[in-house]
Amino acid sequence: MTQRRKRGRLFYKFLFVFLLVSLVPLGVVGYYLVNLMQVTLNKAITRDQESLAVGFVDTVSTYITSFRNVLYDAAHLSDFVGMDVEKQKNMVNNIMQLHAAFLEISVVAADGQETIRIGRFLKDTKLRDFSNDGIFQKAVTRGEFIGGLERYMGSYPTLTVGIQIVSPSDNRAVGAVLAKLSLNGLSGILKTSFPENTHTQAAVIDSSGFLVAHSNLDEVYKSDARLPEDVLKILLQNDARTGGGEILLDNGERVLGAFAEAEELGWVVYIQRSVSVAYQASADMLKRTYKMGGYVFLFVLILGYAVSLVIAQPIQALREAAIKLGEGDFDYLPDLSMPNDEIGELAHTFMQMSESLKVKTAEIMSAKDELERLNRSLENRVEARTRELRSAQDELIKKERLAAIGQMSSVVGHEIRNPLAVINNSVYFIKTKLGGMQQPTDPKMLKHISIIESEIRQANGIIDEILGFARTREFNLKPAHLNAYLEDLTMSFPFPPHVELVKQFDPSNPGVNIDADQLTQALRNLIKNGIEVMPERGRVYVRSEVVSPDWVRVDIEDEGPGIPKDVLEKIFAPFFTTKARGTGLGLAVVKKAVDGHKGKVEVVSTVGKGTCFKIYLPIVNITQNKQ
Amino acid sequence: MSHKVLIIDDDAHLREGLAEVLDAEGFSCSEAANARAGIDLAKKHDPDVVIMDIQLPDFSGFQICQELRKHSRDFVLIMMTGRFLSAEEKTQGFELGADEYITKPFDIQELSIRIRQLLSRKGK
């Protein structure tokens with residue numbers, strides 16, 4: 001059965017719903033989680049970077065402060081003022097050797113004249129006049145001053161630190177120490193903190209946007225090195241001291257940036273990280289989520305398949321059963337034994353329904369059969385009744401007709417037979433009178449007298465036949481011994497001399513119920529016919545033969561010319577005759593009489609050999625009735 | 001002496017014809033046209049043979065039989081009829097005193113012989 005393998009649409013619906021129900025929330029939750037994680041990570045990284053930036057601001061301050069302190073300590077030595085130039089020179093050299101960041105240190109007197117000038121890469125050692133120098137003046141008046149970003153020898157980012165030299169006796173400024181401080185150290189620290197493989201750039205810029213330090217030293221050495229304008233725009237226009245966030249660079253790169261301002265210097269520390277790197281974790285997370293989703297999808301698919309199968313299979317089976325039921329097949333329903341759950345109950349209910357349907361259908365079918373049977377019997381009864389009515393009607397018509405004929409026969413009997421009798425008497429009288437005369441009678445006269453007599457007989461015979469047929473009275477059947485009856489009959493029948501009577505009676509001499517008048521009339525008619533068809537000579541057989549325990553046959557057979565087949569069929573019909581003068585009632589009377597005896601009459605005729613009328617009569621047991 | 005025959009029939013031709021024929025056969029006939037007259041004549045003449053039609057206008061044949069037999073059981077009573085008599089009718093007729101019945105038209109010679117047979121059976 002290929003149909004069994006077919007999955008219904010329900011199955012796929014279930015599967016689809018399962019997938020939807022389990023995957024959609026997963027997807028939504030996953031999406032939010034990833035998003036949330038990204039936001040959180042974003043914030044964390046930004047905050048992290050911010051704190052890094054803030055931390056680095058300290059580093060920068062500390063870096064500068066530590067070198068200022070070195071200078072400050074030196075300048076504020078109690079005997080620095082009292083030292084001679086050589087000593088001061090030694091000391092400055094000492095400092096230069098200890099701190100590589102100092103590129104050049106000058107000692108300037110209160111009047112602005114440079115007294116000592118020691119530089120690391122210095123070729124020109126000519127002493128200069130600082131009396132108009134801003135930094136010198138600020139350092140002298142304020143005690144100390146840190147200048148802005150400079151490019152030492154055109155490339156090294158440096159700044160000038162000025163410290164007032166104070167006379168310990170009267171606490172009065174007597175000059176200043178000016179030192180050029182290399183800021184490469186800062187870049188070095190940045191580079192150490194953010195190595196290249198971290199994909200993080202860190203930079204320190206001054207308030208004009210020029211690079212003070214950068215994690216990539218090459219950036220710093222460029223003349224007028226600056227951060228990209230798009231970043232600067234954000235940094236310089238921002239009023240906040242610290243901050244951070246995602247930045248879309250002009251080159252399309254997305255980065256996470258954070259900054260912190262070093263207030264006293266007016267510098268900004270900026271740390272930038274590529275988003276792809278920053279979000280590496282979240283990307284991993286996303287990947288894992290997708291993978292997880294894939295696993296869940298597979299799992300749900302298998303689970304859904306199984307569950308759908310469990311739900312859909314019984315329903316499919318039920319459906320098949322319903323189809324079979326619809327086709328009227330109650331006996332070969334598929335197996336519906338199912339677990340004891342709602343579907344099992346449904347199957348159980350279905351089975352009950354099919355049972356009751358089966359019973360109901362059987363009832364309907366049997367009711368239908370019954371109805372058909374009743375209809376048939378009704379039809380039969382109507383038919384039978386119609387037949388009865390028709391036959392009753394026929395009978396009535398026949399009776400009426402026969403009554404009319406009976407009436408007529410009375411008239412005929414009385415009114416025609418009387419004249420015939422009169423004529424007969426008169427003819428007899430004349431005949432006797434003529435016979436009594438002396439002279440011989442004219443032979444023609446005698447011939448005519450005999451013609452009259454013959455015609456009277458003829459007329460009388462016809463009247464006999466008509467009256468015999470027209471008799472309407474009931475048959476008065478009385479038991480008799482057939483052979484004795486036939487013996488009497490043949491005895492009283494006037495056989496002419498040219499016809500021989502042959503009697504062949506069954507020795508068992510069966511009893512029969514007969515109406516002697518009617519049966520005699522019938523048999524006489526037959527014998528008379530037999531004689532009539534043998535005008536020359538011949539034999540008439542009168543035979544009786546028991547043919548079965550219930551029936552005896554009486555034959556009246558002649559040796560006449562026989563009856564042609566086409567005539568044979570009609571001979572029992574009233575008024576059918578082949579004689580020149582005949583009523584055609586003789587055999588009709590026979591038929592009527594035999595019918596009245598509950599018998600039947602047959603005729604067998606062979607042309608040229610003769611005719612045999614066979615009358616079958618029911619045998620009755622008359623021994624008890626015998627007197 | 002010849003036997004007396006009374007013929008009762010409403011048909012004059014039959015009655016007269018039969019009388020003449022029987023006269024010729026050696027009987028002495030008297031006639032009546034109806035039952036009443038027939039019964040009267042029978043009482044008066046005391047006939048040996050009565051031949052009567054059973055369909056007479058005033059009486060039914062069987063009633064006449066009864067009436068005639070009240071007077072005498074000695075004569076031969078022959079019923080005449082133009083129609084078939086059923087077995088019951090015949091039986092009834094014989095029970096009421098009829099000796100024979102004949103159907104019209106009849107053979108005179110036969111009738112004559114039969115009458116003589118019946119007469120001799122009655123001892124006449």
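Analyst: A definition to start: a residue is buried if 20 or more other C-beta atoms lie within 10 Å of its own. With that cut-off, Leu186(A), Ser187(A) and Leu190(A) are buried in helix H4 (residues 184–193) of chain A. Note that this is a predicted model.

User: How are the buried residues of H4(A) arranged, seen down the axis of the helix?
Analyst: The residues in question are Leu186(A), Ser187(A) and Leu190(A). An α-helix has 3.6 residues a turn, so residues three or four places apart point the same way. Down the axis of H4(A), the buried residues stay within an arc of 100 degrees, so they line one face of the helix.

User: Which elements do the buried residues of H4(A) pack against?
Analyst: Leu186(A), Ser187(A) and Leu190(A) are the buried residues of H4(A). Their packing partners belong to chain A: helix H1 (9–75), strand S6 (200–205), strand S7 (211–214) and helix H5 (217–221).

User: What percentage of the residues of chain A count as buried?
Analyst: Chain A has 15 helices and 17 strands. Among its contacts with a separation of 6 or more, 63% are between residues 24 or more positions apart. Of its 627 residues, the share that counts as buried is 27%.

User: And for chain B, what percentage counts as buried?
Analyst: Chain B has 5 helices and 5 strands. Along the sequence they follow the pattern β-α-β-α-β-α-β-α-β-α. Contacts that join residues at least 24 apart make up 61% of those between residues at least 6 apart. Of the 124 residues of chain B, the buried share is 42%.

User: Which helix gives the most residues to the side of chain A that touches chain B?
Analyst: The contact takes 23 residues from chain A and 18 residues from chain B. On the chain A side, the elements that give two or more residues are helix H9 (342–415), helix H10 (417–436), helix H11 (443–470) and helix H13 (516–532). By class, that side has 8 nonpolar, 11 polar and 4 charged residues. With 11 residues, the one that gives the most is H10(A).

User: H13(A) also meets H15(A). What is the handedness of the crossing of H13(A) and H15(A)?
Analyst: The axes of H13(A) and helix H15 (residues 586–596) of chain A come within 8 Å and cross at roughly 145 degrees. Leu519(A), Ala522(A) and Leu526(A) are among the H13(A) residues that meet H15(A), where the partners include Leu587(A), Val590(A) and Val594(A). The crossing is left-handed.

User: In chain B, are H2(B) and H3(B) roughly parallel or roughly antiparallel?
Analyst: The axes of helix H2 (residues 35–45) and helix H3 (residues 61–71) of chain B come within 10 Å and cross at roughly 15 degrees. Angles under 35 degrees count as roughly parallel. The H2(B)–H3(B) crossing is right-handed. With that angle, H2(B) and H3(B) are roughly parallel.

User: Which residues of H3(B) make the contact with H2(B)?
Analyst: H2(B) brings Ala35(B), Gly38(B), Ile39(B), Ala42(B) and Lys43(B). By class, the contact has 5 nonpolar, 2 polar and 2 charged residues. From H3(B) come Ile64(B), Glu67(B), Leu68(B) and His71(B).

User: Which residues are exposed on the other side of H2(B)?
Analyst: The buried residues of H2(B) are Ala35(B), Gly38(B), Ile39(B) and Ala42(B). They fall within an arc of 95 degrees down the axis, so they line one face of the helix. That buried set packs against strand S1 (4–8), strand S2 (28–32), strand S3 (49–53) and H3 of chain B. Exposed on the other side are Asp40(B) and Lys44(B).

User: Just after H2(B), what is the phi of Asp46(B)?
Analyst: Most residues other than glycine have a negative phi. Asp46(B) sits in the loop between H2 and S3 of chain B. With 13 C-beta neighbours inside 10 Å, Asp46(B) counts as partly exposed. Its phi is positive, about 50 degrees.

User: Where is Asn509(A), which has a positive phi of about 45 degrees?
Analyst: Asn509(A) is not a glycine. It has 15 C-beta neighbours inside 10 Å and so counts as partly exposed. Its place is the loop between strand S12 (499–504) and strand S13 (511–514) of chain A.

User: Which residues does the cis peptide bond of chain B join?
Analyst: Most peptide bonds are trans. Here omega is about -10 degrees. The proline lies in the loop between strand S5 (100–103) and helix H5 (108–121) of chain B. The bond joins Lys104(B) and Pro105(B).

Key: Residues numbered from 1 in each chain as written. Chains lettered and ligands numbered in written order. Predicted model: local features only at pLDDT ≥ 70, side-chain atom pairs only at ≥ 80, totals over all residues. Contact = placed C-beta atoms within 7 Å. Helix = DSSP H or I, 4+ residues; strand = E, 2+ residues; numbered from the N terminus. Nonpolar A, V, L, I, M, F, W, Y, C, P; charged D, E, K, R; others polar. Buried ≥ 20, exposed ≤ 12 C-beta atoms within 10 Å, placed from the backbone. Arc of directions from axis to C-beta. Axes fitted to C-alpha atoms, helices over the stretch in contact; angles between N-to-C directions. Parallel < 35°, antiparallel > 145°, perpendicular 65-115°, else oblique. Left-handed = near helix turned anticlockwise from the far one by under 90°.
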